[in-house]
Amino acid sequence: LFKEIYPFCQKITSRRKESMQQMCELSQGVWIVYLTCLSLIDIRTRKIPIWLLSAGGVMAIVMQIWKSLKGASISPILIVSGAAVGIVFLGISKITREAFGYGDGIVILILGICLGLWDLLIVLMISFLGASLIAILLLVWNKGAKKQSMPFIPFLCIGYVAVILMG
């Protein structure tokens, strides 16, 4: 009996792993499209509509609930810690009078819910490194003033894609 049941159980396990992999890939694709849209808006207007940010927040929470029901979610502690990083950046936005925009802080909060603490920190490191390199290049080539603002969401998008590609 065990010999007959074991291959059947392996097929179910294999299908479940395949299903979870497809779910993760779909989720990652949705976030890449979302972040790309936000990046284009940030580059053009430097203002992200609150309804678009709200939709992203709801989408992040719904996806985490969906993943947890499927058994593929990350630890709730990591999700809350990632969201806390976003809240810290919202505080920074308030303290700096939006030198670092509220939209950027909200997107970091959303990414914290999606990725959890550790992957969010990697996204932020890549994003700040990229933004710093571009800022230095602009200053060196005298195309940027010291007080000039720069959209940050495109760098968050690049950081997110880099984390996905790193696995």
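Helices here are DSSP runs of H or I with at least four residues, numbered from the N terminus. The model is predicted: local features need pLDDT of at least 70, side-chain atom pairs count only at pLDDT 80 or more, and totals for chains, interfaces and linings use all residues. Residues are numbered from 1 along each chain as its sequence is written, and side-chain values use heavy atoms, with hydrogens and water left out.

**Stop 1: Ser27**

Select Ser27, in helix α1 (residues 2-45). Its relative accessible area is 5%, so Ser27 is buried (under 20% relative accessible area; exposed is over 50%, partly exposed in between; 1.4 Å probe, protein chains only). Now show its contacts (heavy atoms within 4.5 Å). Leaving aside residues up to four places away in sequence, Ser27 touches Met63, Lys67 and Tyr160.

**Stop 2: α2 against α4**

Next, select residues 50-70 and 102-115, which are helices α2 and α4. They pack at an angle of about 10°, and their axes are 9 Å apart. Axes are lines fitted to C-alpha atoms over the stretch in contact, and angles run from 0 to 180 degrees between N-to-C directions. The pair is therefore roughly parallel (under 35 degrees; over 145 is roughly antiparallel, 65 to 115 roughly perpendicular, the rest oblique). Colour the contact residues. On α2 they include Gly56, Gly57 and Ala60. On α4 they include Gly103, Ile106 and Val107.

**Stop 3: α5**

Select residues 117-140, helix α5. Its 24 residues should span 34 Å at 1.5 Å a residue (1.5 Å times one less than the number of residues). The end C-alpha atoms are 34 Å apart, which agrees. Which residues of α5 are buried? They are Leu117, Leu120, Val123, Leu124, Ser127, Gly130 and Ala131. These buried residues pack against α3 (76-95), α4 and α6 (153-166). Step past the helix to Asn142, where phi is positive, near 55°.

**Stop 4: the rings**

Show the aromatic side chains. The structure holds 7 aromatic pairs (rings of Phe, Tyr and Trp, using the six-membered ring of Trp, with centres within 6.5 Å). Zoom in on Phe100 and Phe128: their ring centres are 6.4 Å apart and their planes lie at 35°, so the pair is tilted (under 30 degrees is stacked, over 60 edge-to-face, the rest tilted). Phe100 sits in the loop between α3 and α4, and Phe128 in helix α5, so the pair ties together parts 28 residues apart in sequence. Phe100 is buried, at 14% relative accessibility. Phe128 is partly exposed, at 35%.

Definitions and conventions:
Helix = DSSP H or I, 4+ residues; strand = E, 2+ residues; numbered from the N terminus.
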